[in-house]
Amino acid sequence: MELALAAFICALLALFSRKYLIPSIPLYVIAGLILGKSGFGLFEVDEITEFLTKVGILFLLFYIGLHINFERLSKNVFVSGIFDLITNFSLSFLASLLLGFSYYEAFVIASAIYISSSAIVLHSLVEFRKLIFKEAETVVWLMVFEDVILVFILIFSSAKIDEIPLFFLKILSFTLAIYLLHKVSHNFKPIFSRDDEVPLLISFSIATAAITFSEILEIPEGFVAIMFGASLSKIREIEKFVTPFKDVFIVLFFFFFGASVEVKAINAGAVIVFILIAILGKVISGILIGLSAHKSVKSGLEIGFDTIARGEFSIFLAYAYGTDETMSIVALVVLVTSIVGAFMAKHSYDVISKLERSVKLITSQR
């Protein structure tokens with residue numbers, strides 16, 4: 001009954017978000033916060049909801065894998081991605097250490113704050129008709145670069161120091177097997193061109209098989225799910241079969257993530273620091289990327305404003321590897337940045353124009 005009620009509540013929130021053009025992810029998390037442990041306590045995470053939310057994450061990562069094409073990563077994308085990674089990860093990591101978190105907690109917080117929400121960012125580009133602008137391509141490739149970095153974060157988050165050689169041997173062997181499968185994957189295309197239930201069942205089976213392979217090989221489930229998706233990225237038809245599963249299960253994940261968070265245990269000062277770093281970090285890295293890729297601060301501000309929103313991956317990293325405190329911090333950072341990010345993406349042109357006029361006014365007065 002809890003699942004049915006949660007799904008119905010999320011459906012109403014989805015309708016509300018579409019009508020008022022606001023991101024839906026923070027609404028799902030807020031609803032979970034209000035109705036879960038931090039609020040009225042009406043929803044609890046049990047074995048069934050935990051399994052279904054895990055399936056939601058697997059489908060999200062499998063879906064991301066379907067869009068990864070390492071051969072199309074250019075030098076420009078690499079340089080922009082490095083600016084983004086160094087600026088945002090370093091600031092968050094240093095701030096975490098200064099605030100007294102352990103190295104591992106700092107790594108989890110910095111990873112969660114570094115990664116923007118592909119879902120919100122790409123949706124905003126489409127919704128606000130920005131795909132025609134030159135900065136849009138840079139933003140899209142930044143999201144792809146972050147997805148690739150996510151794979152490495154998953155690997156480092158799961159490796160134990162004394163088992164690193166064997167762990168990486170397994171990772172390399174599995175990646176090689178996936179690469180070989182990718183090379184011959186076009187032979188499977190007829191399976192996903194059928195008009196019966198077979199493609200749907202096969203898609204579900206492949207994505208959820210990540211759990212079994214992860215247990216057998218003792219490597220991260222998320223990494224396995226992304227690699228499974230990447231192995232089939234030549235088959236575009238599979239995306240339409242995966243999307244319905246992803247959309248339903250990932251929404252339940254956001255809701256029950258919110259329901260499981262204990263907000264009252266957090267340090268409010270730390271939350272404010274991380275929110276400021278999350279917003280300013282993307283603006284700074286955006287300016288650096290704009291100067292490097294487009295020789296323009298204005299383009300950099302546009303890129304920075306478009307990538308402020310954090311979402312699904314931040315929550316996943318906090319949920320999978322964080323403590324109660326880091327989960328709460330990341331949840332609040334996601335809530336604020338997703339709302340601020342959506343607003344800045346929508347009004348970036350006006351904000352940049354006002355900033356430009358202010359700078360000209362100050363310059364003329366000197």
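The following exercises, with worked solutions, concern a predicted model. Local features need pLDDT of at least 70 and side-chain atom pairs count only at pLDDT 80 or more, while totals for chains, interfaces and linings use all residues. Residues are numbered from 1 along each chain as its sequence is written, and side-chain values use heavy atoms, with hydrogens and water left out.

**Exercise 1. Determine whether I289 is buried or exposed, and which residues it contacts.**

Step 1. I289 is found in helix 12, residues 268–294; helices are DSSP runs of H or I with at least four residues, numbered from the N terminus.

Step 2. The relative accessibility of I289 is 1%, so it counts as buried. Buried means under 20% relative accessible area, exposed over 50%, and partly exposed in between (1.4 Å probe, protein chains only).

Step 3. With neighbours within four places in sequence left aside, I289 is in contact with S80, F83, D84, T138, L142, H294 and I303. Contact means heavy atoms within 4.5 Å.

Step 4. I289 and I82 are 207 residues apart along the chain, yet 9.3 Å separates their C-alpha atoms.

**Exercise 2. Identify the residues of the nonpolar surface patch and the helix that gives its largest share.**

Step 1. The patch consists of L91, I272, L276, L280, I284 and L288, with about 520 Å² of accessible area together. Patches are made of residues with over 30% relative accessible area and no salt bridge; nonpolar side chains (Val, Leu, Ile, Met, Phe, Trp, Tyr) are joined within 5 Å, and like charges within 9 Å. A salt bridge is a side-chain nitrogen of Lys or Arg within 4 Å of a carboxyl oxygen of Asp or Glu. Accessible areas come from the Shrake-Rupley method with a 1.4 Å probe.

Step 2. Helix 12 supplies the largest share, 5 residues.

Step 3. L91 lies in helix 4, residues 75–98. Its relative accessible area is 36%, and L91 is therefore partly exposed.

**Exercise 3. Describe the setting of K295.**

Step 1. K295 is placed in the loop between helix 12 and helix 13 (297–306).

Step 2. K295 counts as exposed because its relative accessibility is 68%.

Step 3. The phi angle of K295 is near 55 degrees, a positive value in a residue other than glycine.

**Exercise 4. State how many of the residues of helix 10 are buried.**

Technical notes: Helices (H or I, at least four residues) and strands (E, at least two) are DSSP runs, numbered from the N terminus.
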